[in-house]
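Here are my notes on this one, point by point.

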Amino acid sequence: MSTLQEEITSRKTFAIISHPDAGKTTLTEKLLYFGGAIREAGSVKGKKNTKQATSDWMEIERQRGISVTSSVLEFDYNGHHINILDTPGHEDFSEDTYRTLTAADSATMLIDAAKGVEAQTEKLFKVCSMRGIPIFTFINKMDREVREPFEVMEEMENVLGIRSYPMNWPIGMGQNFFGIYDRHARKVELFNPDNPSDVEVKQISGPEDPLLDELVEPSFLSQFREEMELLDVAGDPYDEDKIFRGELTPVFFGSAVSNFGVQNFLEHFLYFAPSPVGRESDQGFVEPVQDLFSGFIFKIQANMNPKHRDRIAFMRITSGKYTQGMTVNHSRLNKTMRLAQPTQFLAQDRSIVEEAYAGDIIGLFDPGTFRIGDTLAGKGNFQFAEMPHFSPEQFAAVSVKDAMKHKSFEKGIQQLTEEGLMQLFQTYNRYPEQQIIGVVGGLQFEVLEHRLKNEYNSDIHLEHLPLTIARWVTGDEKELDTFRKKQRNLAVDRDNKLVALFENEFQMNMAKDKYPNLVFHENSFTG
Ligand code: GDP
């Protein structure tokens with residue numbers, strides 16, 4: 001029997017961050033395939049016309065054929081227990097996506113080699129980098145005519161501000177993709193376009209090894225050798241500390257669809273990626289390996305079963321071990337409760353969890369007892385650090401059409417905000433007062449409308465506002481006073497923190513120039 005320590009350290013919990021179409025579904029499928037979690041790669045997530053979507057729980061998801069909310073996939077590989085936190089791949093992603101990242105201990109950034117760093121990757125990267133977690137990079141689609149590897153790395157540095165250390169390097173690309181060279185293991189993995197998953201591996205002494213002359217066409221080989229020389233001379237040195245702090249990203253090249261380079265990535269990743277990391281609480285740092293069970297809710301998903309209209313609260317276990325039916329303390333409510341029938345997520349199936357360890361994610365049946373950020377612990381009454389809110393990108397004033405329904409509308413708005421579907425602001429110093437909803441992706445508005453109607457019997461009116469940025473404002477009291485009086489589009493969030501809403505960057509920069517002693521925070525954490 002393995003010890004608590006062994007169980008916990010064998011775990012790796014990470015999220016894949018990418019822009020839609022970079023190949024996240026494809027990469028996830030291949031990873032699960034290695035773990036034997038799915039027999040046949042190609043069935044992780046239902047796309048538009050597949051009926052068996054992983055999360056077709058919500059009607060909107062079914063109507064649109066997309067996955068609105070993120071889920072968790074897990075598999076075992078070589079003695080490791082791996083949890084992949086899936087973030088929605090659709091353009092209309094939500095704050096949920098950001099919060100999911102708080103449950104991850106590391107991230108894999110997936111980049112389409114032809115497109116480089118794209119908008120959503122940049123946003124998600126920022127959140128990971130704020131948390132200082134290690135970030136691994138998989139540069140995908142090398143079987144196509146793509147951009148030069150150096151160009152992509154340079155873009156990563158310019159746009160994201162992260163330096164990279166290529167763990168392997170591609171030889172050629174597209175029609176002339178010969179494979180990858182693993183710089184540490186000094187081996188080449190040869191790409192066979194006719195049978196890509198049949199990878200031939202050759203041990204070599206280094207890029208100059210004459211064996212390569214037999215395997216690779218001269219022009220591609222000489223380019224490869226030049227690039228390797230350049231990397232050795234001008235590239236960043238290998239530095240594990242920097243990798244752990246998220247300042248240097250190990251880079252891997254491959255072709256997910258061909259299942260090429262995926263295993264190489266997976267093996268290095270498992271070596272580097274941190275085992276479950278503890279979290280800060282109001283009573284100090286909580287270490288993962290200890291007898292005390294604890295965890296926090298990072299996501300709430302409603303209507304997984306429309307017939308029962310239940311909600312599932314996703315909990316990241318922070319320390320210790322969960323056993324079926326255990327009793328825990330709910331810190332915010334200061335209440336003892338029994339955790340009945342949590343579910344775990346293996347590929348598509350939901351199953352009852354009997355035990356789970358720090359690093360794992362379990363889904364708890366939620367009759368309305370949980371909020372985002374809630375802490376549960378075997379004993380004691382502490383609270384994990386609060387979860388930050390990030391700037392929404394779309395805003396609308398919300399009101400109920402039928403004033404008679406006001407009460408249930410207010411209840412709905414309140415509950416859906418707690419669930420984390422959207423952010424709720426109240427206009428500041430403006431009459432009549434208005435409630436403003438902020439979302440990251442427009443789809444959230446549709447979900448909001450749908451759920452208020454179906455669950456709270458309230459038809460709503462949404463007046464879309466020409467605003468795109470929220471900043472939490474602090475600073476010099478006197479200046480803040482003037483700001484409060486003169487600035488347009490001010491609001492307060494649920495914690496009564498002052499928030500300035502802007503139409504665009506230009507307008508925000510004007511305010512920054514005008515009020516040099518105020519700080520405009522990008523999230524509620526520092527605000
Ligand atoms: P997601 O939106 O990030 O989940 O992307 P998908 O995994 O659905 O992939 C988007 C498209 O890119 C699909 O048509 C994939 O078959 C294709 N794709 C994924 N990986 C590769 C790759 O390595 N090479 C090529 N040529 N196409 C790929």
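1. H2 supplies the largest share of the shell around the ligand, three residues. Helices here are DSSP runs of H or I with at least four residues, strands are runs of E with at least two, and both are numbered from the N terminus. Bear in mind that this is a predicted model, where local features need pLDDT of at least 70, side-chain atom pairs count only at pLDDT 80 or more, and totals for chains, interfaces and linings use all residues. Residue numbers start from 1 along each chain as its sequence is written.

2. Who else is around the ligand? In total 16 residues surround it, with Gly 23, Lys 24, Thr 25, Thr 26 and Val 257 the closest. Being near means a C-beta atom, placed from the backbone, within 6 Å.

3. Now the sheet: it's open, has seven strands in the order S2-S3-S1-S4-S5-S11-S6, and its pairing is mixed. Strands S2 (72-77) and S6 (163-166) are the edges, each pairing on one side only. Pairing takes at least two DSSP bridges between two strands. On average, neighbouring strands are turned by 30° against each other, direction ignored.

4. Inside that sheet, S5 (residues 135-140) and S11 (residues 248-253) run parallel and are joined by three bridges. Phe 138 has Phe 252 in S11 as its bridge partner.

5. Back to H2 (residues 24-34): this helix lies across S1, S2, S3, S4 and S5, at about 35° to S2. Contact means C-beta atoms, placed from the backbone, within 7 Å. Angles run from 0 to 180 degrees between N-to-C directions, with axes fitted to C-alpha atoms, for helices over the stretch in contact.

6. H10 (residues 262-272) lies across S1, S2, S3, S5 and S11, running at about 160° to S11.

Technical notes. Contact = placed C-beta atoms within 7 Å.
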